[in-house]
Structures are given as structure tokens and as C-alpha cells.
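The following exercises ask the student to read a protein structure step by step. Each task is followed by a worked solution.

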Amino acid sequence: MFYVNCSNSGCKSWYVTSHRRVCYFVNNQLPVGKLDTSLCTHIIFAFAEISENGTLIPANPNDPEVYSQLIQLKQKAPSLKLMVSTGSDRLSAISKTTESRRIVIRFCKECNRVFKKYDFDGIDIDWEFPGIFGRGNFVALLKEINEISLIMFGEGDNKPLLTAAVSAVPAKIIESYNIPQIAKYVDFVNIMCYSYNYFHKSFPFTGYNSPLFKRKYDLPYANMMNIEWGTNHWAYEGMPKNKIVVGIPTYGHTYILANPKWHKVYDLAIGSGIFEGDINFPQVCDLLHNGGERAFDNQTMVPYYFQDKNWISYEDEVSMTYKAKWIVSQNFSGVMTWTLNSDDWSGHCGMGPFPLHTILRDIVLYLLTLVEETVEFLRHLRRPRIHPIPVRPVSPNDSPHIEMVQVGAKRTLRIIHLKSKKNEEKRQTDEEKLQFQDKLDIWAEILIQQAIKDALTQFRQSFVHQNGIGGIVNPCYVDDLSSESSWCSTWGSNMADAVHFQKLHSFYSDEKPLIFFIHGVGSSADVWTNQIGYFQEHGYETVAVDLIGHGFSSAPYGSKFYKFKQILADILVIFDKYSLQRNVVVGHSYGSSLASALAQKRSSKVCNLILMSGGGPVGLKRRETGFTCMTCLKICVQPLDYCGLYSRELFYCPSSREIAIPRTYEVPTYVLENYAYGQTWREGNLSFYRSIKIPTLLIYGLRDPYVTLVEECEMEKAIPRSVLELIPNASHMIMLDEAIRVNKLMYRFVH
């Protein structure tokens with residue numbers, strides 16, 4: 001679900017209000033008259049040649065005629081932007097252009113002359129690739145074009161667009177692009193998130209052309225060869241997200257297998273396959289129709305085809321749907337496709353013309369419209385935003401609600417224990433307990449959730465396609481054809497559970513449950529201040545515990561005190577001391593793992609489980625120490641460190657993961673180190689989370705730097721009776737960033 005912060009002064013949008021759909025068009029077989037202007041907001045003609053003296057010349061004799069035909073499209077769609085691309089792999093031409101300032105100026109003037117003559121709206125620089133020696137020249141070229149355009153056209157809408165087609169491959173990003181400087185001069189960049197893998201004698205293995213995510217057993221460099229890493233690295237290095245357009249291919253790569261029995265990804269190949277290594281979508285349709293098998297990789301979200309010795313990585317409606325949903329959820333500026341020509345523009349596959357572009361357009365527009373309607377509805381509610389209270393650890397002498405409990409030798413934990421206010425007026429019906437604003441908020445959210453559910457149902461029915469591949473294509477529910485669960489039920493079929501939380505409850509009693517809070521590493525029980533006060537006002541008893549070494553709990557020396565099982569044993573002592581007949585366990589970050597383990601061990605007493613920013617359904621592993629083979633491997637790839645390989649403290653690995661340790665409060669260094677080395681909990685794997693039968697609420701902030709949306713969606717799929725809620729403006733400390741929203745979600749779930 002998407003939320004927006006509103007106040008009396010208006011709302012601040014967190015989402016992109018205008019989404020670009022950039023399409024490359026090549027003068028090859030596809031007639032201009034066949035183009036559907038509704039599919040694209042920008043059409044880029046590829047390519048114009050560059051002469052040795054810096055002038056632009058047509059690559060084909062009939063290109064000027066095609067220019068005129070493209071301009072006529074603007075009569076049908078006045079908002080359509082038409083651009084011309086130059087460069088491509090003509091590295092020598094671009095390099096010569098940037099060697100002389102005189103030629104550079106001539107080239108820039110030539111670009112602007114073409115704008116005026118053919119009524120183009122801008123130019124796209126496709127330099128593949130500048131390299132180390134052309135890195136500075138690339139920035140200088142963009143700067144010169146931008147400055148001359150300002151002189152000739154001025155600022156505003158009259159100024160032509162300047163864009164750049166750039167690589168998403170880690171090595172090329174590092175050596176070719178000064179990202180902060182590029183961001184100053186371009187209107188947006190088209191990140192070419194494709195051709196990650198193709199047959200080459202130096203790497204004779206099959207591979208995916210455009211994987212969305214990494215695979216669980218990818219090697220250190222290979223795990224960066226995906227759309228998620230490439231686009232996020234551009235944003236991390238300084239390119240604003242409103243200038244990032246994510247490129248998706250409509251073509252595929254073919255391979256010849258060394259052995260027909262070895263037909264999975266990274267299996268041995270002996271050469272490029274049919275159609276000289278490249279294949280378009282209609283050709284894939286023919287192959288599927290004539291036999292062979294289609295498989296889908298649920299880790300990278302892409303399909304592949306194999307028959308005999310032929311192996312093909314390609315895109316279809318399912319993978320396009322996944323990519324479109326992810327791009328919108330990450331709030332990037334738009335999506336780019338290479339090319340319109342390699343899509344099924346003639347309707348050969350029986351799914352209408354341009355099926356891949358159509359699915360992209362419809363999903364993106366639908367999701368953006370859905371968000372805008374929700375935001376517009378919330379804007380009229382004028383709900384004030386809460387400003388999180390600055391949190392500091394509270395001394396036991398500061399409050400009568402603070403208790404110190406000894407759980408073992410050298411282990412004393414601080415407990416914040418607030419009993420419910422025994423006010424007769426608060427013992428009336430549940431409706432009378434809520435203030436007017438509370439009732440308005442909950443009513444509005446239920447109404448919006450129900451409206452979203454109905455809209456998704458209608459949209460799903462309208463998107464059913466029967467084709468040779470089989471299965472149902474649906475932007476809100478698309479998975480492997482054999483799968484029964486959605487990628488993320490926030491967009492999918494579990495929306496009914498988000499509307500009616502009470503259906504998840506395993507039992508109900510008039511007695512209100514106790515709320516038991518467990519914080520994460522690096523914070524203290526005081527992060528729950530807003531939640532504790534809120535639930536106390538609504539008649540709930542609450543308990544929040546400082547973990548060992550945190551807040552005012554004791555911090556003994558010795559790693560044995562900080563092992564996961566020991567910490568869990570200490571928390572069980574506290575839980576058994578304060579628990580009622582019915583209890584709700586709430587965990588954040590590392591505390592989510594502790595909360596899950598506690599809920600399983602005390603399943604008879606835990607009626608609900610709430611996990612915030614907890615990560616994926618995999619076991620915890622300790623950090624490596626000593627000189628091991630992995631240490632040697634890390635030393636070998638150390639030059640890649642600065643490109644983002646180790647930029648996050650939390651890595652998602654389906655076999656095991658390390659927990660994030662944000663420095664929220666002053667916690668002794670030896671405590672943090674002991675937590676890092678003692679966080680082994682192999683039992684917390686996928687099987688463990690599948691065995692949780694307790695109704696579970698997952699809350700995730702889309703700005704979380706430690707936990708990814710993919711991990712949270714995997715957790716939702718793993719826990720049978722779970723529902724995931726997304727809050728856009730929240731980061732890892734979600735209970736502080738969006739306290740009111742978190743309180744409402746928790747109250748609806750518990751109440």
C-alpha cells in the first residue's frame with residue numbers, strides 16, 4: 001500500500017508524477033505508420049552517423065524521409081517527444097569529436113541545426129563506451145551541448161532535451177562515467193540494463209540477458225550483473241531517481257549448448273545460437289509454437305527456452321510485468337525499451353501488435369493512476385503528520401514504569417512496563433474508545449483498501465491472455481505458472497486480508513492482549529515510545545525490553561552472553577514473567593528474528609506476530625573471522641569494493657544472512673562486535689517460517705537501506721497467514737519515521 005503525508009498546507013508527493021516511456025526505433029523493416037503513439041512518451045530514432053568533421057549525417061539514404069514521417073506522428077500525439085540518437089558503438093567517431101574543441105563546438109551546433117530543421121525535441125548520446133580515457137571527454141561533450149543549447153534556445157520548454165544511453169555493467173560504470181558530473185547536464189539517462197550475458201569465448205556459459213535480481217549462488221561480481229544493482233548504483237553514486245530511466249530489452253540472446261542435458265543457466269555453451277546470437281520476440285513465439293520448453297527463474301524473474309542444443313534468454317509478458325511493477329515501486333523516472341522493432345509489431349504471435357510494450361504501458365499507467373487516486377483521496381482528509389519524539393534512553397529513576405529484572409548471572413535487563421489505564425469510560429465499546437480522527441483514518445484506509453481490491457480484480461480479469469505459452473498474465477498477480485502465491489500480495493490476491501484483518505485471528509477474547517516489544521541491534525526499548533503511549537491510551541498493557549548490552553541493561557564482557565540462543569532465553573524469562581493469556585509480539589530488525597523464535601516457542605500464548613523491517617525467510621549467520629578461503633576471495637576482488645560491492649551491511653542470501661547493525665544509539669563497540677559474531681541461527685530458515693501458523697503482520701519502509709522489498713515479499717510468501725504493508729516515506733526505523741501510520745496498522749491488526 002502507498003501512503004502520503006498530508007497536512008493543512010497540502011501533501012508532499014513521494015512518487016513520480018510523470019512517468020517516461022522511452023522507445024528506441026530503428027529504420028529497419030518496421031514502417032513508421034505501424035507505430036502506436038500511445039505506447040511511448042519519447043521515441044528515439046537510432047542512429048545518426050557522425051562525420052570526421054563533427055557533422056551529423058544520415059546512416060541510411062532514406063533516413064530523412066523517415067524523419068519527416070516521425071514528425072507527422074506528433075500531429076496525432078502533440079505531447080510525444082521525438083529525439084535522434086547518435087554514437088552507438090561508433091566509438092572512433094565520438095572519440096575524434098571530443099579530441100578537438102573546435103570539432104566539439106561544430107558538433108553541438110550541428111545537433112541544434114538538426115533540431116530546428118526536422119523539429120526534433122532533443123538528442124541522445126549513445127557512446128559505447130567512453131572507458132577510462134574517454135571519461136572526462138564524455139562529460140565535456142555533454143556540458144558543451146548543454147551550454148550551446150542554452151545560448152541558442154534559452155531555458156524552459158524550448159530547450160532541446162539532452163539524454164545519454166549508459167551502461168549498467170559494473171566494470172563499465174566504474175571506468176566510463178563520472179555520475180555526479182553527468183547528472184548536472186542531462187535531462188535523464190537511459191540505463192541499458194541488458195546484454196549482461198551473451199556468448200563469448202572468454203566466458204563460454206549460458207546467462208540471462210536482463211535479470212531483474214541476482215541469483216542466490218552468484219559469485220561476488222556476478223551478483224552485481226542485474227537490473228536491481230545497476231540502477232540502484234547509479235542512484236547511489238549521485239544520479240537523481242527522477243533522471244533514471246530503466247532500460248529493458250525486447251530481444252534475446254541465443255546459445256548452442258555443449259550437451260543437451262545441461263540446459264540451465266551458467267551451463268557450458270560452445271557458441272552463439274540461431275539467428276547469429278540475437279533473436280526477436282516473434283521468432284521466440286515461433287520456436288515455442290513448434291516445440292521446446294519454456295522455463296522461468298523465480299530468483300531473477302526472467303524466462304528461458306531450451307530444445308536440443310538451443311538455449312535462449314528472452315523476455316515475455318510475465319518478465320515485463322515483474323520489471324514494470326518493480327520500476328514503479330522503486331520510484332524511478334521511467335522505463336526504456338530496445339527496441340520497438342524487435343517486439344511483435346505485426347501481431348504475429350496472436351496477442352495483438354506490440355504485446356511487450358502494451359503490457360508495460362498498461363501496468364505502469366494503471367499503477368500510477370491507482371496511486372494518484374489514493375493520494376488525492378487522502379489529501380482531502382488533511383491528516384497531520386506526526387513528528388517523532390527525540391528518543392533517549394530513560395533511566396530507571398526517571399519513571400515509575402521502569403523495572404530492572406535479573407535474568408541470570410551478570411545479566412540484568414531494563415523493562416518498560418505500562419499497564420492499561422483503568423478508566424471506566426475506556427471500558428465501553430471499541431467504537432467509543434476511538435477518537436474521531438482515529439475512526440476517520442481507519443474508515444478511510446478500509447475504504448481505500450476495498451477500492452484497490454475491487455479495481456485489481458477488474459484489472460486482472462481484463463488482462464487474461466490465452467496464448468501458446470499458457471497461464472494467465474496479470475500485472476497484479478504474476479508468478480511461475482506452477483506457483484500459487486503472488487510476488488507481493490500488497491499488489492495481489494491477498495488484498496482481502498489487508499482489508500479484513502480480523503479474518504487472520506486464530507481466536508478472540510474480550511480480554512485485551514499484552515503487547516510485547518523487542519527492538520533491534522543498536523537501539524533500545526525507547527524506540528517504541530510512540531507505540532507504547534498509543535496502545536496504553538487504547539487500554540492495552542505493554543512491555544518493552546532492552547536487549548543485553550543496550551539501553552540501561554547490563555553489558556557484560558564475553559561473547560557467550562550475546563549469542564542468539566542466549567538472548568532468546570533471556571527474553572523468554574521476561575516474557576514468562578509478564579505475559580497474559582493472550583499476547584502480541586512485536587519485533588524490529590534483529591528483534592524480528594527473536595520475535596519469530598519466541599512466537600514459535602510460546603505459540604499457545606501468542607495470538608499475533610508483528611515484524612518490522614525483518615528481512616527475508618533465511619537463517620542468520622555469524623560474520624567470518626580469521627583468514628579463510630572466503631577472506632582470500634574478498635582480497636582478490638577488493639578493487640571492486642568502491643563500486644558498491646560491500647556498500648550495504650545486510651546482504652540477502654537465500655542460504656543465510658547477516659543482520660544490519662545501524663548505529664542508532666551509543667552502544668559499546670565490543671557489544672556490537674559480539675552481536676555480529678554471535679548472530680548464528682540456522683534454524684530460522686524457510687521451513688521454519690513456513691511452520692508459523694500465527695497471524696502475522698509485516699511492515700516495511702520503501703526507503704529502508706538495509707532490507708529490500710524482495711526480502712519482505714519472500715517473507716510474506718513464506719509465512720502462510722501473513723500480510724505485508726508498505727510505507728513509502730519510512731526508512732529502517734519505521735516506528736519513528738511514520739509513527740502514526742505504524743500505530744494505525746498495528747491497532748487494526750490487533751484490534
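A residue counts as buried when its relative accessible area is under 20%, as exposed when that area is over 50%, and as partly exposed in between, with a 1.4 Å probe and protein chains only. The structure is a predicted model, in which local features need pLDDT of at least 70, side-chain atom pairs count only at pLDDT 80 or more, and totals for chains, interfaces and linings use all residues. Residues are numbered from 1 along each chain as its sequence is written, and side-chain values use heavy atoms, with hydrogens and water left out.

**Exercise 1. Classify Met301, Asp119 and Ser79 as buried, partly exposed or exposed.**

Step 1. Met301 has a relative accessibility of 3%, so this residue counts as buried. Met301 sits in the loop between strand S14 (293-297) and strand S15 (302-307). Helices (H or I, at least four residues) and strands (E, at least two) are DSSP runs, numbered from the N terminus.

Step 2. Asp119 has a relative accessibility of 41% and therefore counts as partly exposed. Asp119 belongs to the loop between helix H3 (101-118) and strand S7 (122-125).

Step 3. The relative accessible area of Ser79 is 63%, so Ser79 is exposed. The loop between helix H1 (63-76) and strand S6 (81-86) contains Ser79. Ser79 is 37 residues from His42 in sequence, while their C-alpha atoms are 9.0 Å apart in space.

**Exercise 2. Describe the open sheet of eight strands.**

Step 1. Two strands pair if DSSP finds at least two bridges between them. The order of the strands is S18-S19-S21-S20-S22-S23-S24-S25, and their pairing is mixed.

Step 2. Strand S18 (402-408) and strand S25 (722-727) form the edges, since each pairs on one side only.

Step 3. Strand S19 (residues 411-418) and strand S21 (residues 542-545) run antiparallel and are joined by four bridges. Leu418 stands opposite Thr542 in S21.

**Exercise 3. Identify the nonpolar cores.**

Step 1. A nonpolar core is a set of buried Ala, Val, Leu, Ile, Met, Phe, Trp, Tyr and Cys residues joined through side-chain atoms within 4.5 Å. In soluble globular proteins, nonpolar side chains tend to be buried together.

Step 2. The largest core contains 92 residues, and Phe25, Leu35, Ile182 and Trp234 have the most contacts inside it. Helix H10 (residues 355-379) gives the most to this core, namely nine residues.

Step 3. A second, separate core has 54 residues, including Val405, Phe564, Ala595 and Leu724.

Step 4. A contact means heavy atoms within 4.5 Å. Leaving aside residues up to four places away in sequence, Ile182 touches Phe138, Val139, Leu142, Tyr177, Val189, Trp234 and Met239.

**Exercise 4. Classify the aromatic pairs Tyr118 with Phe120 and Phe213 with Trp326.**

Step 1. Rings of Phe, Tyr and Trp (its six-membered ring) pair if their centres lie within 6.5 Å; planes under 30 degrees apart count as stacked, over 60 as edge-to-face and the rest as tilted. The structure holds 33 such pairs.

Step 2. The ring centres of Tyr118 and Phe120 are 6.2 Å apart and the planes meet at 55 degrees, so this pair is tilted. Tyr118 counts as buried because its relative accessibility is 17%, and Phe120 counts as buried at 4%.

Step 3. Phe213 and Trp326 have 6.3 Å between centres and 80 degrees between planes, an edge-to-face pair. Phe213 lies in the loop between strand S9 (188-192) and helix H7 (227-236), and Trp326 in helix H9 (residues 317-329), so the pair links distant parts of the chain, 113 residues apart. Both Phe213 and Trp326 are buried.
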